[in-house]
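Try each task yourself before reading its solution.

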Amino acid sequence: MTIGMPDYTSTPENFKTLLNCRTAVCKALGIAEEQCELSMGMSSDYELAIEMGSTNVRIGSTIFGPRDYSKK
């Protein structure tokens with residue numbers, strides 16, 4: 001899984017890196033890439049992540065709103 005850059009921005013290069021890692025792992029294990037999840041993308045970049053092949057995105061902020069860290 002990857003969530004992009006610390007400032008929550010992502011570029012295609014971020015996602016290409018993980019895509020390439022999945023390809024290498026699947027090749028090393030002798031399994032089809034379709035058998036491996038590719039979890040990347042969050043509320044701010046899920047569309048790009050899906051375009052890049054993500055099979056699992058994290059969109060909690062879109063559903064529930066931004067986190068409130070002031071309660072800590």
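## Exercise 1: Two paired strands

In strand β2, Arg-58 is the bridge partner of Met-42. This is a predicted model, with residues numbered from 1 along each chain as its sequence is written. Local features need pLDDT of at least 70, side-chain atom pairs count only at pLDDT 80 or more, totals for chains, interfaces and linings use all residues, and side-chain values use heavy atoms, with hydrogens and water left out.

**Task.** Find in which sense β1 and β2 pair, and which hand the crossover has.

**Solution.** 
1. Strands (E, at least two residues) and helices (H or I, at least four) are DSSP runs, numbered from the N terminus.
2. Strand β2 covers residues 56-58 and pairs with β1 in the parallel sense, over 2 bridges; pairing requires that DSSP finds at least two bridges between the strands.
3. From β1 the chain passes through helix α2 (residues 46-51) to β2, a right-handed β-α-β crossover. Right-handed means that, with the strands pointing away from the viewer, the path from the first strand over the helix to the second runs clockwise.
4. Now check the distance: the C-alpha atoms of Met-42 and Arg-58 are 4.6 Å apart, although 16 residues separate the two along the chain.

## Exercise 2: Buried or exposed?

**Task.** Classify Arg-58 and Ser-39 by relative accessibility.

**Solution.** 
1. Buried means under 20% relative accessible area, exposed over 50%, and partly exposed in between (1.4 Å probe, protein chains only).
2. Arg-58 has 37%, so it is partly exposed.
3. Ser-39 lies in strand β1 (residues 39-42) and has 14%, so it counts as buried.
4. Beyond four places in sequence, Ser-39 touches Met-1, Thr-2, Leu-18, Ser-54 and Asn-56, where contact means heavy atoms within 4.5 Å.

## Exercise 3: The nonpolar core

**Task.** Which residues form the largest nonpolar core?

**Solution.** 
1. Such a core is a set of buried Ala, Val, Leu, Ile, Met, Phe, Trp, Tyr and Cys residues joined through side-chain atoms within 4.5 Å.
2. The largest one has 6 residues: Phe-15, Leu-18, Leu-38, Met-40, Ala-49 and Met-52.
3. Leu-18 has contacts beyond four places in sequence, among them Leu-38 and Met-40.
4. In soluble globular proteins, nonpolar side chains tend to be buried together.

## Exercise 4: Cysteines

**Task.** How many disulfides are there?

**Solution.** 
1. A disulfide is a pair of cysteine sulfur atoms within 2.5 Å.
2. By this rule the count is 0.
3. Cys-26 is buried, at 2% relative accessible area, and Cys-36 is buried at 17%.
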